[in-house]
Amino acid sequence: MMRKTLAAVLLVLPLLVMAEARPLGEDPAVEARLKALSTELRCLVCQNQTLSDSSAPLAEDLRREIRELIAKGMTDKEITEYLVARYGDFVRYRPPVKSQTLLLWVGPTVLLLAGLGGLWWVLRKRNSLLPDENDNENGEEA
Amino acid sequence: MKPMLKYLLPLAIFMVLVGFFAVGLKLDPREVPSPLVDKPAPAFRLPVLNEAGKTFAPEDMRGKVWLLNVWASWCGACREEHPLLMEMSRSGAVPLVGLDYKDTDAEGTGVLSQAGNPYQVVVTDADGRVGIDYGVYGVPETYVIDKAGVIRYKQIGPITEESMRTKIMPLVKGLQ
């Protein structure tokens, strides 16, 4: 009997004191903005992680800083600029288009076009080496 | 001519690739160029380590060329550069200010009393806020600040004999 009562008390006790886990920040709206912003920003200590994913001490400090800047009423753009002024464009996962980053932005397209051009060139050459099977197709090249 | 090209073209492409890799090997992705170079050193006023009530601000060094060295007791690489800092301090070539970054006073003091204190002043940035203003992301970092309070160079990672001889000292001499 004694044990049953004890078990019941132990079972009920947590129900009395249970509460929802406290969020890390006070204001869910601030946290949502912090989350959105920090997925766009790079953690400089572990460079292939976002600020939001990283648990490096610097990332924690920067999240705290961003939280404070949001509380000060700064816009997302202003906050990003604040960090860029300190750490450079490298903190942004989406670097801005400017003369220094142009190659980064157009490079893949240029490579794709070069590849397609090369492919076209090789195929055309190979085609002209093939024995004529269809006079209509090869007529133009002759 | 045509068969020649067939062999030379892959070779040329290969050479270009080798060129890219050779350059890429020398680049250190951990070294992010600081946007703060050639900008005024961010202002701060921080407590001086072990001197209660005393503070230090970059303005106090106006008119002097000086180095701001960010270090911490928990930072292993800081010990690598420590002998060089001691040497610099002995020679009196340039005043050194230490910024004890995200550290406790007791541990910071412990390291300095054990290994020697090369700094003219040591300030403490316990919560790392000034570090953020200076774009610190990997300790140690060293800033060369000129007479007008402008950052002229940033060394990321420990100072080496080479970086001291080829970059820092010539720059300091030129600025003085």
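Predicted model: local features only at pLDDT ≥ 70, side-chain atom pairs only at ≥ 80, totals over all residues.

Trainee: How many helices and strands does chain A have, and in what order do its elements run?
Mentor: The secondary structure of chain A contains 0 strands and 6 helices. Read from the N terminus, the order of elements is therefore α-α-α-α-α-α.

Trainee: What percentage of the residues of chain A count as buried?
Mentor: A residue is counted as buried when 20 or more other C-beta atoms lie within 10 Å of its own. Applied to the 142 residues of chain A, this criterion gives a buried share of 13%.

Trainee: What span does helix α4 of chain A reach, and what is expected at 1.5 Å a residue?
Mentor: Helix α4 of chain A covers residues 76-87, which is 12 residues. The expectation at 1.5 Å a residue is 16 Å, and the distance from the first C-alpha to the last is close to it, at 16 Å.

Trainee: Which residues of α4(A) are buried, and within what arc do they fall?
Mentor: The buried residues of this helix are A:L83, A:R86 and A:Y87. Viewed down the axis of α4(A), they line one face of the helix, because they fall within an arc of 80 degrees.

Trainee: Which exposed residues does the face of α4(A) turned away from its buried side carry?
Mentor: The buried side of α4(A) holds A:L83, A:R86 and A:Y87, and part of what covers them is α4 (129-133) of chain B. The face turned away from that side carries the exposed residues A:K77, A:E78 and A:E81.

Trainee: Which residue just after α4(A) takes a positive phi, and of about how many degrees?
Mentor: Helix α4 of chain A comprises residues 76-87. Just after α4(A), the residue with a positive phi is A:G88, at about 85 degrees.

Trainee: Which element gives the largest share of the side of chain A that touches chain B?
Mentor: In all, 13 residues of chain A are in contact with 12 residues of chain B. On the chain A side, the elements giving two or more residues are α3 (57-71) and α4. The largest share, 5 residues, comes from α3(A).

Trainee: How do the residues of that side of chain A divide into nonpolar, polar and charged?
Mentor: The side in question is the one through which chain A touches chain B, with 13 residues of chain A in contact. Its residues divide into 3 charged, 2 polar and 8 nonpolar.

Trainee: Which residues does B:L68 contact, leaving aside its neighbours within four places in sequence?
Mentor: B:L68 belongs to the largest nonpolar core, which has 52 residues, and is listed with B:W66, B:L67 and B:Y143 as touching the most other members. Leaving aside neighbours within four places in sequence, its contacts are B:V97, B:L99, B:T142, B:Y143 and B:I145.

Conventions
Residues numbered from 1 in each chain as written. Chains lettered and ligands numbered in written order. Helix = DSSP H or I, 4+ residues; strand = E, 2+ residues; numbered from the N terminus. Buried ≥ 20, exposed ≤ 12 C-beta atoms within 10 Å, placed from the backbone. Core = buried A, V, L, I, M, F, W, Y, C linked by C-beta atoms within 7 Å. Contact = placed C-beta atoms within 7 Å. Expected span 1.5 Å × (residues − 1). Arc of directions from axis to C-beta. Nonpolar A, V, L, I, M, F, W, Y, C, P; charged D, E, K, R; others polar.
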